[in-house]
Amino acid sequence: MSFFLFCALLLLKVTFGDACASNQFTESGQCCSLCPAGFGVEAKCGEQDTKCTPCLPGTFSPSEGLGHCLACTKCPKSASMVASCSANQDTQCECESDSFLLGNLSMCAPCSKCVHGQGVIRECGPQGNTVCQTCGPGTFSEEHISTKPCQMCTQCSDSEVEIRPCLPNSDTLCMDKKLHILSRPAESDGTREAPNFPGAEEAIDEDEASPSPEAPKFTPEDEGGNNNILAYVSVLAAVVLGLLLYVAYKCWRSCKQKKALSKARAAELGSSPEGEKLQSDSGVFLDSHSLQDNQPSKATKRDSKPDNWLYINLPPHRQEEVERLLQEGGSQGWRELGAELGYESEQLDLFGRGEAAAHTLLSNWAQKEGSTLGLLCSALAHIERPDVVTALNCPAQGVSVV
């Protein structure tokens with residue numbers, strides 16, 4: 001009898017919408033209570049209702065439920081703590097700019113960037129890595145390395161004609177309708193329409209009475225065509241001038257960057273009488289590796305040896321060459337180098353999920369203390385990669401590539 005009464009009560013609760021939030025019941029048919037945020041389950045629901053207890057320091061529970069309190073997350077060394085862990089909220093960590101907190105490994109990784117024809121739908125930050133999406137109809141992105149969302153396509157006005165429609169990687173191309181060349185009047189049958197401006201008939205009669213083969217005849221349409229040709233030439237000259245100014249600006253920027261790079265190399269080279277003489281007399285900066293090859297006796301007298309140079313100070317083009325060789329290395333590539341540098345297999349698997357695993361590995365290793373070229377060249381020698389050692393231009397002493 002009591003069983004049938006329990007079933008009837010349960011049926012009435014479901015029928016009238018009084019459903020149980022936890023979807024669990026005690027043996028007596030009572031709905032099991034949920035533990036609120038900041039509390040964890042001490043005793044599960046069974047003979048009696050759920051028994052909850054406050055989360056201890058170092059643990060938290062973000063929402064109500066029937067689970068235990070979770071352990072608080074610890075921020076990695078490369079990240080700063082924004083908010084400490086509380087009973088109902090986990091620790092809030094924030095990485096430096098252009099990096100984000102990577103999963104449960106508690107490490108900061110470089111932010112990804114969208115490629116040509118894609119836009120950002122979620123920026124890189126505390127919530128995770130950059131999320132990109134191909135630009136849909138009516139939007140475009142012409143940047144090859146984008147950190148912005150897709151832009152709306154341009155709509156041609158009534159006075160313009162559409163030459164090329166909008167694509168995901170390029171905007172709509174419009175042209176003014178007035179910038180077209182008018183055709184000459186048809187003279188296939190020997191006749192043409194008489195112009196309707198004053199004095200036109202008298203001019204035609206005079207031309208027919210005294211023909212002159214040397215003097216060409218022009219109609220108002222011809223004059224309009226010539227004006228349009230002049231307009232085209234003016235626009236073309238403006239475009240060529242703009243291109244020349246753009247090329248001059250890029251050359252100036254390139255020279256400025258080369259000078260800055262030369263100054264940085266001269267600063268790494270240290271104080272040298274020969275380097276100072278060349279810099280003051282001719283304005284030419286010596287390359288650090290060239291001076292090392294030409295003067296080995298003086299290189300040994302410097303305070304900082306080439307083995308102790310940091311990998312992060314290596315020129316960007318040489319870093320890209322090293323990353324390319326390691327990415328194409330196959331069985332002796334970036335993964336073997338990471339193991340030689342002390343990385344665990346789980347961290348290497350995580351690096352391998354990205355598109356540029358070698359770049360992620362070396363960028364992360366360069367942030368560590370003691371990330372010198374000597375240590376990197378020694379690790380490359382152990383995995384038998386003499387081609388990468390040559391790309392790094394490592395000093396011969398102390399490194400064997402056999």
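Modeller: Buried means under 20% relative accessible area, exposed over 50%, and partly exposed in between (1.4 Å probe, protein chains only). This is a predicted model: local features need pLDDT of at least 70, side-chain atom pairs count only at pLDDT 80 or more, and totals for chains, interfaces and linings use all residues. Residues are numbered from 1 along each chain as its sequence is written, and side-chain values use heavy atoms, with hydrogens and water left out.

Colleague: Is Cys132 buried, partly exposed or exposed?

Modeller: Cys132 is partly exposed, at 29% relative accessibility. A disulfide (a pair of cysteine sulfur atoms within 2.5 Å) joins Cys132 to Cys114, with an S to S distance of 2.1 Å.

Colleague: Which handedness does the disulfide of Cys114 and Cys132 have?

Modeller: The torsion about the S-S bond is about -95°, so the disulfide of Cys114 and Cys132 is left-handed. Cys114 is buried, at a relative accessible area of 1%.

Colleague: How many disulfides does the structure hold?

Modeller: The structure holds 12 disulfides. Among them is the link of Cys72 and Cys85, S to S 1.9 Å. The torsion about that S-S bond is about -55°, so this disulfide is left-handed too. Cys72 is buried at 17%, whereas Cys85 is partly exposed at 25%.
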